[in-house]
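Subject: Structure for you to look at

Hello,

Here is the structure I promised. Please open it and keep it in view while you read my notes below.

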Amino acid sequence: MRERLVAGNWKMHGSRESCRALLDAIVAADVACAVCVPFPYLAQAAERLRGTRVAWGAQTLSEHAQGAFTGEVSAAMLGEFGCRYVLVGHSERRHLFGETDAQVAAKFAAARAAGITPILCVGETLQEREAGRTQEVVARQLDAALARGGIGDAVVAYEPVWAIGTGRTATPEQAQEVHAFLRGRLSAQTRLLYGGSVKPDNAAAIFAMPDVDGGLIGGASLVANDFIAICRAA
Ligand code: PEP
């Protein structure tokens, strides 16, 4: 039986005060989940979430161990905070910041080496889906990471790029189809999350699919009641 996981991706949103209010609300709801917060709020999250059912993580990390990489944050630095998860290969990192499969794979390996569980994001663009290339794209993205020492206890998130932040969700059947394909390349224990415009009103149907083990939630993770409802749906 795979343990379910709902992880919030706060992206570059919030303030110290909104972070405090959101964390307080999630802790008060007593739901098991994870939140991936902006770097400046990692210490605040670590402090507030100690001893609770809410794990926390970062949204990216450097593939380098240390050195002259201005602005970057290493796996060891995150590990020192007790960081449990880190997103790698989110489509915004791939498309807005030009991260390549090789770079994502190096970040994946760096996280694992530091004892941090990577949440590897894979997903096709609308153009790739319409060209019938969904499986080819997600397989390429996954295989690049797997080549760096296998899957271990890493989590994989299928996030169709056309569904992220667009309000356009994959149908449960579309999600299941890709998850089943990914499952065939992974161990039976690997947790596979779906991400892309998951909201309280569509979460239960998506999470009911046999190969969907939870979700990676962007916009709705910033609204306490919505995020809590999604966690409960899982
Ligand atoms: C995401 O950023 O990972 C995401 C799934 O965003 P949203 O839920 O807003 O589509």
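H1 passes H10 in a right-handed crossing. This is a predicted model, so treat it as one. Helix H1 covers residues 16-29, and helix H10 covers residues 224-233. Their axes are 10 Å apart, and the two helices pack at an angle of about 35°.

Which residues make the contact? From H1 come Leu 22, Ala 25, Ile 26 and Ala 29. From H10 come Ala 224, Phe 227, Ile 228 and Arg 232. Sort the contact of H1 with H10 by class and you get 7 nonpolar residues, 1 charged and no polar.

Now turn to the ligand.

Next, look at the oxygen atoms of the ligand.

- Lys 11: a polar side-chain atom lies 2.7 Å from a ligand oxygen.
- Gly 219: here a backbone N or O atom lies 2.8 Å from an oxygen of the ligand.
- Asn 9: an N or O atom in the side chain is 3.4 Å from a ligand oxygen.

How much of the ligand does the protein bury? Taken alone, the ligand exposes 290 Å², and the protein buries 97% of that.

Best wishes

Conventions. Residues are numbered from 1 along each chain as its sequence is written. This is a predicted model: local features need pLDDT of at least 70, side-chain atom pairs count only at pLDDT 80 or more; totals for chains, interfaces and linings use all residues. Side-chain values use heavy atoms; hydrogens and water are left out. Axes are lines fitted to C-alpha atoms, for helices over the stretch in contact, and angles run from 0 to 180 degrees between N-to-C directions. Helices (H or I, at least four residues) and strands (E, at least two) are DSSP runs, numbered from the N terminus. A crossing is left-handed if the near helix is turned anticlockwise from the far one by less than a right angle, and right-handed if clockwise. Contact means heavy atoms within 4.5 Å. Ala, Val, Leu, Ile, Met, Phe, Trp, Tyr, Cys and Pro count as nonpolar, Asp, Glu, Lys and Arg as charged, and the others, Gly among them, as polar. A polar contact is a pair of N or O atoms within 3.5 Å; within protein, one must be able to donate a hydrogen and the other to accept it, and residues adjacent in sequence count only if both atoms are side-chain atoms. Accessible areas come from the Shrake-Rupley method with a 1.4 Å probe; for residues, only the protein chains shown count as cover.
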